Amino acid sequence: MVDAVREAGRYTTTAEAERVTRIVLSALGGHVVGDERVALAQALPPEAARVVASQIPVTRPQTAAEFVDGVAARIEGATPATARWDVSSVLSVLPELVGDDLIDRVLRELPPGYALLFGKAELVPPAAR
C-alpha cells in the first residue's frame, strides 16, 4: 500500500509516503463506522488496518473540505492544496486495494464531496420532479 501511495503522490521517500498514509488513514478512521469500518480494516494491510480501527468515531461528520483542512492541520507546513494532494494520494489507492464495492459503501456513509478524494466521480441523484 505504501508503495502505491508513494507512486500516486510522487513522494521522494518511503518514509514520507508512510507518514502521509498514517495521517490520512487515522483521519479517515474516525469517519468510517459500523460494518464499513470493520470491512475496511479487514481489507487493508495489518498496519493500515490498526490505524483505521484504533480511531475514535467523530461526533460530527465533516465535509470533504473540512476533512482536508483537518489533515492539513496534522501535517507540518501543509496548505489546503498540499493536504488535498496528500489525501487524494492515499485515498485514491484504496479502490484498487480494497475494491470499488467497499469504497462505494464507505462513500454512502460520508457526506457528499468525498468521492473525488477517492479518485471517483461524485454521483449526484437526479432532482425530484
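**View 1. How α2 crosses α5.** The crossing of α2 and α5 in this predicted model is right-handed, that is, the near helix is turned clockwise from the far one by less than a right angle. Helix α5 covers residues 64-74, and α2 packs against α5 at an angle of about 135°, with the axes 10 Å apart. That makes α2 oblique to α5. On the α2 side sit I23, V24, S26, A27 and L28, meeting F67, V71 and R74 of α5 (contact means heavy atoms within 4.5 Å). By class, six of these residues are nonpolar, one is polar and one is charged.

**View 2. How α3 meets α8.** Here α3 (residues 34-43) and α8 (residues 100-109) pack at about 145°, and their axes are 10 Å apart. This crossing is left-handed. D35, E36, A39, L40 and A43 of α3 touch L102, R105, V106 and E109 of α8.

**View 3. The second largest pocket.** Its volume is about 150 Å³. Lining residues include M1, V2, P45 and V51. The largest share, four residues, comes from α2.

**Reading the views.** Numbering starts at 1 along each chain as its sequence is written, and side-chain values use heavy atoms, with hydrogens and water left out. Since this is a predicted model, local features need pLDDT of at least 70 and side-chain atom pairs count only at pLDDT 80 or more, while totals for chains, interfaces and linings use all residues. Helices (H or I, at least four residues) are DSSP runs numbered from the N terminus. Axes are lines fitted to C-alpha atoms over the stretch in contact, with angles from 0 to 180 degrees between N-to-C directions. A pocket is an open set of 1 Å grid points where a 1.4 Å probe fits, with protein on both sides within 12 Å along at least five of seven lines; lining residues have an atom within 4 Å of a point.

Conventions: Helices (H or I, at least four residues) and strands (E, at least two) are DSSP runs, numbered from the N terminus. Grid points are joined across faces, edges and corners, and a volume is the space filled by probe spheres set on the points. Angles under 35 degrees count as roughly parallel, over 145 as roughly antiparallel, 65 to 115 as roughly perpendicular and the rest as oblique. Ala, Val, Leu, Ile, Met, Phe, Trp, Tyr, Cys and Pro count as nonpolar, Asp, Glu, Lys and Arg as charged, and the others, Gly among them, as polar.
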